[in-house]
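Please read it alongside the sequence and coordinates shown below.

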Amino acid sequence: MCINVCYLGEVEYQEALSIQESIWSLRIEKKIGDTLLLLEHPHVITIGRRGSKKNILVSEEFLEKMGVKVFEVSRGGDVTYHGPGQLVGYPIFDLALTDRDIKKFVYLLEEVFIRLLKDQFGKEARRDEDKYTGVWVGNDKIVAIGIAVKKWVTMHGFAFNVNTNLEHFSWIVPCGLKDRGVTSLERLIGSTIRFEDVVDKVQTYFGKVFGKSLNILDKEELFDLLKIQTQEGMER
């Protein structure tokens, strides 16, 4: 068994959501294997199921001027920001792998980054057990996690602050937590890191933590696979 992995580069939020939904439908029907999408978004704010627009601290006029779109989405969690320099990941996985245990799946997502940060950068990161999801360095969040599960297949996922401009988090109350901060890999190590190197490390650690080999696809190969699988379904 393997994980399909595709790095899409920068993708508008609505387009990425459509891609997720296409893969999710195929995964439900077992026409495609577990798939991890890795990408960056242009400036966007998303509000999860438990979120509130009150946690957006700037005006609609300001957001429009900055070109920031706002989406209300089906993932868990509150308000978060996505933007350049942040690695966003959407694992579309069948939870049969974790015996339909959603907490175990989230635990494994966190474990990817806890191990990666320690092994590759010598940084101690942690969970906030039984309180908040995500990965933390001290009281600062470096990886936000918010998923949705439908028919035991996951959607949405994580946001890893790599070279993210942390000032943009001042536009919101991140994840609705007023007593916590945010950080980035760039801040922790004191220098900008090549983004593609982080992409490679994240996909490698996904394979290690989830115990699967990787099937690396480029964007064209992924779209061809989706088109083939969709056509086969229509022909049936």
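The count comes to two cavities of 30 Å³ or more, a cavity being a set of points on a 1 Å grid over the protein atoms alone where a 1.4 Å probe fits but cannot get out. In this predicted model, local features need pLDDT of at least 70 and side-chain atom pairs count only at pLDDT 80 or more, whereas totals for chains, interfaces and linings use all residues. Residues are numbered from 1 along each chain as its sequence is written, and side-chain values use heavy atoms, with hydrogens and water left out.

**Largest cavity**

- The largest cavity holds about 70 Å³ of space, a volume being the space filled by probe spheres set on the grid points, which are joined across faces, edges and corners.
- It is lined by 13 residues, of which T80, K141, A144, N161 and F169 are the closest to its centre; lining residues have an atom within 4 Å of a point.
- Strand 5 (79–82), strand 9 (140–150) and strand 10 (153–161) are the elements that give two or more residues to this lining, and strand 9 gives the most, with four residues.
- By class, the lining of the largest cavity has nine nonpolar, three polar and one charged residues; Ala, Val, Leu, Ile, Met, Phe, Trp, Tyr, Cys and Pro count as nonpolar, Asp, Glu, Lys and Arg as charged, and the others, Gly among them, as polar.

**Largest pocket**

- About 520 Å³ of space lies in the largest pocket, a pocket being an open set with protein on both sides within 12 Å along at least five of seven lines.
- Among the 29 residues lining the largest pocket, G76, G77, T133, I145 and G146 are the closest to its centre.
- Strand 9 gives the most to the lining of the largest pocket, with seven residues.
- The pocket lining has 14 nonpolar, nine polar and six charged residues.

**Helix 3 and helix 5**

- Helix 3 (residues 102–121) and helix 5 (residues 195–210) pack at an angle of about 125°, with their axes 9 Å apart.
- By class, the contact (heavy atoms within 4.5 Å) of helix 3 with helix 5 has 12 nonpolar, one polar and five charged residues.

How values were computed:
Axes are lines fitted to C-alpha atoms, for helices over the stretch in contact, and angles run from 0 to 180 degrees between N-to-C directions.
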